[in-house]
4 protein chains.
Amino acid sequence: MNIKVGIIGATGHTGEELIGILLGHPYVSICGLYNTGKDPQVISQVFPKFKGRLDRVCKKADFKEIADKCDLIFLALPHTVSMDFTPKLLKINKKIIDLSADYRIKNTRVFEKFYGKKHKDNLGLRKAVYGLPEIYRNKIKHAKLVANPGCYPTAAILALAPLVSLGLVDNSSIIIDAKSGVSGAGKKLTKEFLFSEVAGNFSAYKVNTHQHMPEIELYLSRLASSKVKIKFVPHLLPINRGIIETIYVNKSHAAKGKNILGIFKSFYKNEPFIRIKEEGKFPKVSDVYETNYCDIGIKDCGDSVIIIAAIDNLSKGASGQAVQNMNIMYKIPETTGLL
Amino acid sequence: MNIKVGIIGATGHTGEELIGILLGHPYVSICGLYNTGKDPQVISQVFPKFKGRLDRVCKKADFKEIADKCDLIFLALPHTVSMDFTPKLLKINKKIIDLSADYRIKNTRVFEKFYGKKHKDNLGLRKAVYGLPEIYRNKIKHAKLVANPGCYPTAAILALAPLVSLGLVDNSSIIIDAKSGVSGAGKKLTKEFLFSEVAGNFSAYKVNTHQHMPEIELYLSRLASSKVKIKFVPHLLPINRGIIETIYVNKSHAAKGKNILGIFKSFYKNEPFIRIKEEGKFPKVSDVYETNYCDIGIKDCGDSVIIIAAIDNLSKGASGQAVQNMNIMYKIPETTGLL
Amino acid sequence: MNIKVGIIGATGHTGEELIGILLGHPYVSICGLYNTGKDPQVISQVFPKFKGRLDRVCKKADFKEIADKCDLIFLALPHTVSMDFTPKLLKINKKIIDLSADYRIKNTRVFEKFYGKKHKDNLGLRKAVYGLPEIYRNKIKHAKLVANPGCYPTAAILALAPLVSLGLVDNSSIIIDAKSGVSGAGKKLTKEFLFSEVAGNFSAYKVNTHQHMPEIELYLSRLASSKVKIKFVPHLLPINRGIIETIYVNKSHAAKGKNILGIFKSFYKNEPFIRIKEEGKFPKVSDVYETNYCDIGIKDCGDSVIIIAAIDNLSKGASGQAVQNMNIMYKIPETTGLL
Amino acid sequence: MNIKVGIIGATGHTGEELIGILLGHPYVSICGLYNTGKDPQVISQVFPKFKGRLDRVCKKADFKEIADKCDLIFLALPHTVSMDFTPKLLKINKKIIDLSADYRIKNTRVFEKFYGKKHKDNLGLRKAVYGLPEIYRNKIKHAKLVANPGCYPTAAILALAPLVSLGLVDNSSIIIDAKSGVSGAGKKLTKEFLFSEVAGNFSAYKVNTHQHMPEIELYLSRLASSKVKIKFVPHLLPINRGIIETIYVNKSHAAKGKNILGIFKSFYKNEPFIRIKEEGKFPKVSDVYETNYCDIGIKDCGDSVIIIAAIDNLSKGASGQAVQNMNIMYKIPETTGLL
């Protein structure tokens, strides 16, 4: 098997991470690196660590070349930019895994409210499959366009799916206190991401207004088969990568007397990338650092449950999960090329 | 005014911080530095930064010398050690500010459960005043023994006092998601506090079992005039100092329609060390770093409120607040010597 | 004594540090905060930590107001900007302490080569006294315009002055391997100062081409009474503040048999801000963090000497030293307001 | 090809790193994990990140089992401990790669002086080949016992080999200013490696007395065919992994007029893990992070040269290089399993 992939947006954090993973993938050839119209860039000058491993030029996306050389395209682009590329790529019959938010939210009014731009691609929205393998594996197998989940939603949905899908939670009680390393925000050159602002520091941001809220609520609502509203406060950690979400839920009546930890273990028993911690143990960022795992610890407090989930935001929260989705689409073992 | 102070436990984090603050205090002379029976230590060798500013020997506590030379003693000792010293110091009629947990919790069974040791000093427990100036200033004025609050409880109680004391909160709904720098744990030489374990990492610990829970619940219950139970998850930040607590509460019926931000501003309007953030603004660790401030931001979510409080755990959460208490006990301006 | 000071360039790193120091100075009133023509900024919004301590507007420099309200002006401006302000301030007879590089280098061709701009103020250059108190205290006493030294030069010159001024060093052998926290570079919004680039990272920059080289060489040459050429490699540390310089020199014939450590102790014996470490001890950044000290450790290797100097780049390397110079200019105790 | 490897000392930093690399190596089976006599430890409890990837017990080294199950043993032990194991392993005819210092220094008096213990294994010392592939590849091919180089020596010798071996350097002028992340020191539980001591801090240690000095001098002397003495100051960086060495040398007469950069490029032109930077470029820790590369930048200063080398101390400086050596010993492509 030789999957010929291209990456559009190869010079950002998720592009860099994708390149790193794909260079170690036994069935992949990187056949094209593209940017969004800037001057050509030698990728090993942008990322000196790739010197000698990938000495290729990243240039303006050229659909003719893509049509010839690539089977599958990863879109590692900023939000609201992917939807400019997707229709053209679908037209030339390429498989697409979009790491931006553009195809995750189905309601275009909600999209516009949170991302500040009108959605342009209704056809794509209808075709797109939400790329959370543990929940949507069967749909991903046949997808042409995968909307790779956001980093916060990946951890939140995986942490809540067992209880929410079984009706064991008071759906109005969900509180997600999330903490992320700075790479979660991409490579923005703003004062708030300077070393002098972040190092030794910590704070909340976008308190209960973050753009990942509607994404989490949408897919939890689907799992619950009823409307779920969450409270969500993200915080910026002085680390480069990693997410911890500490989640507080009240149990529903149906949950009384249930073995909560057992439910998690059973729900995820065949999942290669989900690890449930033993009672009294909780995950650290270092446990999942640079891996595609989601580690989950559970504290049953009687009437309520505290769930703590850890992922690497650049891997399971972005590029690792994208490769997991690719593996599923090509029917190769799901863990291929992934830690 | 010249307050002659001694510090027992001068070589720990809170001792170091106390020395730093007191060296800049215009009305204080440091007259004695003591440890708990180890060999004498030159304090400027333990802390080279004090070289030339305080070149004094820290030696075994000598009650005769203390009786002669000191007016007030700061106990900067580990938990369960202070109660060995306090009765002797009270007997020789010294004022005491205890930075340990020994005199905060009045129920000795609860103390034993959380601190693993039987309490030995009932008399001290009865005399001790809880040293949170914003709530207990009048009692502190006349106290002989001040139980200086814990770092997490300081931020939690200050963040919740306005709503809890006015009955505006569902007392069963309080969730405190707390994050602290490593100095909060003192200077323990354990693997978990090695640089290689903490840097680039993040995790929860003592999930809903931390020893500060009963302290928070006790003083919130007093403010509420009814039993308050909280949920509390502390996390370890990869920074040296600073605490952020993100607190989630459901409103009581009495709170409907109230201006929550206004209530906070009014409750703390004369407090020199409490700063309420404007709507939409939330505190960062850097705002309170090395200061005695507690900064509080509020998000009114309709049926619920999110409160975010920031303190420096070594200053307002320990040594700064201890000096604030000293200032109150000596009737000097409360902000003297403090940022 | 009440010194009425103004700060032009109050919103940068050195401005912030100056404000912090001056707020604790017993003889200073901050009478004006100025920027370089941007919109007015409430200083406590720029730096929330100053809320309640300094709630003043920072506005465009207004020379009429300065003439009325200020005795002394600190210029905390980028290089090549100070020389636009200095002549006007000298004309209205203000004392000036310039924290930029504009008046340190006397040779305008050298200045232009390293700072990329023609020098405009020859009169100022002639009047300016180099503000390194340990070497030029007597000149500073009577100065109208003080050129506050650069951070690297401060540590380098203090570390080398005893040996160089006594002719104990082979002047062609001096190698300075310097490491600085990121605040040394000011508040530039460039990719290289993002948290994601600096954290967990380390590298050299401007290898043997840094603009502080001619400054170091000029003042060492004056001390040596002969031309001194150095090798100088600065590195960027993943910390906010602090400089360590590891300096390697070969001894001259005159140094053979001399007690090198004794020479340092004797040279600096009356200096309040210089601390010479005992044999076998070397300074850490934490020893001088947020202080005005320069700590120096010495290793005599027989034919050569290794000297290691530590300063806080924002304090002794910038704002602290500026205040030390102010104290000297006003004949108040040199350590006033300084740690 | 299936190389059956065992690791003695699997729970330290280099053991952890070895496991991580070997799990991704296509021709290796990890057949035994051993410690030095402590209780058995489940390796995925020691390192939760390996949960699901390597769930094996690490137990006391059992030579009978090793004889049966393993072809090659990695000794990831503290210094002076390896020499207890090596003779027994040689006796049962196992290949050995020793990551400790025990077989690097051939002079047992020098060993004893720097490592504080008498050397016990003269036979091993004679058999051991120094495992720096770029210099000793041919000897490594046939070695039974490889002494894997120290981290500082790896970078230093690789940086200096081209000039020293060609006689282009004044051998008495070599100064190595080295900076390392904390993992270089292994997992010692001492105060100096606590987060609170390291974070935001920086300092030199073992100034010109470090135990890697005789190792560097020995192998440089061999390259020079004459005695080389260096000056060497290591520093502790507040990062987990990575080394930068800034090296200053004076040229010999033979070097005048030579193209220094060209000499480096030519010397290393066939080396897969050495990357020479273009003129004016210098390596960062991030360029080599978690890779087996050694990146080298060169500044020709006329009479002298500044060489800056970067490696990852746990990979090229320890476990990665050990795997590179294993690949050579088994005649498989040298880069197999390595980044």
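How much area do chain C and chain B bury between them? In this predicted model, chain C and chain B bury about 1200 Å². Of this area, 44% lies on carbon and sulfur atoms. The contact involves 15 residues of chain C and 15 residues of chain B. Six residue pairs are in polar contact across this interface, both members being at pLDDT 80 or more. Zero salt bridges are found there. On the side of chain C that touches chain B, the elements giving two or more residues are β13 (274-276) and α12 (285-288) of chain C. By class, that side has six nonpolar, two polar and seven charged residues.

The interface of chain B and chain A was examined in the same terms. The size of an interface is often given as the accessible area lost when the parts come together. Chain B and chain A bury about 2700 Å² between them. Carbon and sulfur atoms carry 65% of it. F202(B), V207(B) and Y248(B) supply 20% of the area that chain B buries against chain A, more than any other three residues. In terms of contacts, 33 residues of chain B meet 33 residues of chain A.

Salt bridges between chain B and chain A number two. K179(B) forms a salt bridge with D177(A), and the closest N and O atoms are 3.0 Å apart. Several elements of chain B each supply at least two residues of the side that touches chain A. They are β9 (175-180), β10 (203-204), β11 (231-236), β12 (243-250), α12 (285-288) and β15 (304-311). That side of chain B has 17 nonpolar, 10 polar and six charged residues by class.

Within chain D, helix α11 spans residues 260-267. Its buried residues are I260(D), L261(D), I263(D) and F264(D). Seen down the axis of α11(D), these buried residues fall within an arc of 160°, so they line one face of the helix. An α-helix has 3.6 residues a turn, so residues three or four places apart point the same way. The cover over the buried residues of α11(D) includes α8 (151-165), β13 (274-276), β14 (294-300) and β15 (304-311) of chain D. At the start of α11(D), a side-chain oxygen of N259(D) comes to within 3.2 Å of the backbone nitrogen of L261(D).

N325(D) counts as buried because its relative accessibility is 0%, below the 20% cut-off. The side chain of N325(D) reaches the backbone oxygen of G131(D) at 3.0 Å. Leaving aside residues up to four places away in sequence, N325(D) touches I97(D), G131(D), P133(D), I140(D), V146(D) and N148(D).

Most residues other than glycine have a negative phi. T80(C) is not a glycine, yet has a positive phi of about 75°. T80(C) sits in the loop between β5 (72-75) and α4 (82-91) of chain C. With a relative accessibility of 11%, T80(C) counts as buried. K331(D), also not a glycine, has a positive phi of about 55°. K331(D) lies in the segment after α13 of chain D. K331(D) is exposed, at a relative accessible area of 56%.

Definitions and conventions:
Residues numbered from 1 in each chain as written. Chains lettered and ligands numbered in written order. Predicted model: local features only at pLDDT ≥ 70, side-chain atom pairs only at ≥ 80, totals over all residues. Heavy atoms only, no water. Buried < 20%, exposed > 50% of the residue type's maximum accessible area, 1.4 Å probe, protein only. Helix = DSSP H or I, 4+ residues; strand = E, 2+ residues; numbered from the N terminus. Arc of directions from axis to C-beta. Contact = heavy atoms within 4.5 Å. Polar contact = N/O pair within 3.5 Å; in protein donor to acceptor, adjacent residues only side chain to side chain. Buried area = accessible area lost by both parts, 1.4 Å probe. Salt bridge = Lys/Arg side-chain N within 4 Å of Asp/Glu carboxyl O. Nonpolar A, V, L, I, M, F, W, Y, C, P; charged D, E, K, R; others polar.
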